Amino acid sequence: MKVTVNAIHFDASEKLVNFINRKVDKLTKHHDNILDAEVTLKVVKPETSMNKEVSVKISYPDQAAAFASKTADTFEEAVDNCIDALKKQLEKVKAKHI
């Protein structure tokens, strides 16, 4: 699976990118045929609490893409929330096709 991380108007640290890659790779447990994942990181203005926004789009063959977008205090927390939402979506898709 190919994971693309886009940080809008800032450079994401290598530690954050590695964290995202580990979390997204775990989605393969819920759906075998994931082609790619596109992760977008954005800091929402004004810079107050709950200003880190993460969007994750998962593509897989023969079906519409799964998408989740969450906002939190940290990028890591927002990524975790997106992954949880995507797990639920992928489980529903898998259940429909069994």
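Tutor: Lys88 lies in helix α2. Helices here are DSSP runs of H or I with at least four residues, strands are runs of E with at least two, and both are numbered from the N terminus. This is a predicted model, in which local features need pLDDT of at least 70 and side-chain atom pairs count only at pLDDT 80 or more, while totals for chains, interfaces and linings use all residues. Residues are numbered from 1 along each chain as its sequence is written, and side-chain values use heavy atoms, with hydrogens and water left out.

Lys88 is exposed, with a relative accessible area of 57%. Exposed means over 50%, buried means under 20%, and partly exposed is in between, for a 1.4 Å probe and protein chains only. The areas come from the Shrake-Rupley method with that 1.4 Å probe, and for residues only the protein chains shown count as cover. The C-alpha atom of Lys88 is 8.8 Å from that of His30, although the two residues are 58 apart along the chain.

Lys88 also belongs to a positive surface patch, together with Lys70, Lys92 and Lys96. A patch takes residues with over 30% relative accessible area and no salt bridge, joining like charges within 9 Å and nonpolar side chains (Val, Leu, Ile, Met, Phe, Trp, Tyr) within 5 Å. Lys and Arg count as positive, Asp and Glu as negative, and His and the chain ends are not counted. Each charge is placed at NZ of Lys, CZ of Arg, CG of Asp or CD of Glu. Helix α2, residues 75–96, gives the most to this patch, with three residues.

Side chains of opposite charge can pair when their charged atoms come close. The side chains of Asp80 and Lys23 form such a bridge, at 3.1 Å from N to O. This pair links distant parts of the chain, since Asp80 is in helix α2 and Lys23 in helix α1 (residues 14–25), 57 residues apart. Asp80 is partly exposed at 26% relative accessible area, and Lys23 counts as partly exposed at 22%.

By this rule the count comes to two salt bridges. In the other pair, Lys42 meets Glu53, with the closest N and O atoms 3.9 Å apart. Lys42 is in strand β2 and Glu53 in strand β3, eleven residues apart. Lys42 counts as partly exposed, at 34% relative accessibility.

That pair leads to the strands, which pair if DSSP finds at least two bridges between them. Strand β2 (residues 36–43) runs antiparallel to strand β3 (residues 52–59), and eight bridges join them. Within this pairing, Glu38 has Lys57 as its bridge partner in β3. Seven bridges join β3 to strand β4 (residues 66–72), again antiparallel, and Ile58 stands opposite Ala66 in β4. β3 and β4 form a hairpin with six residues between them, and Asp62 in the turn has a positive phi of about 65°.

Two loop residues complete the picture. Met50, in the loop between β2 and β3, has a positive phi of about 60° although it is not a glycine. His9, in the loop between β1 (2–7) and α1, is not a glycine either and has a positive phi of about 65°. Met50 counts as partly exposed at 46% relative accessibility, whereas His9 counts as exposed at 82%.

How values were computed:
A salt bridge is a side-chain nitrogen of Lys or Arg within 4 Å of a carboxyl oxygen of Asp or Glu.
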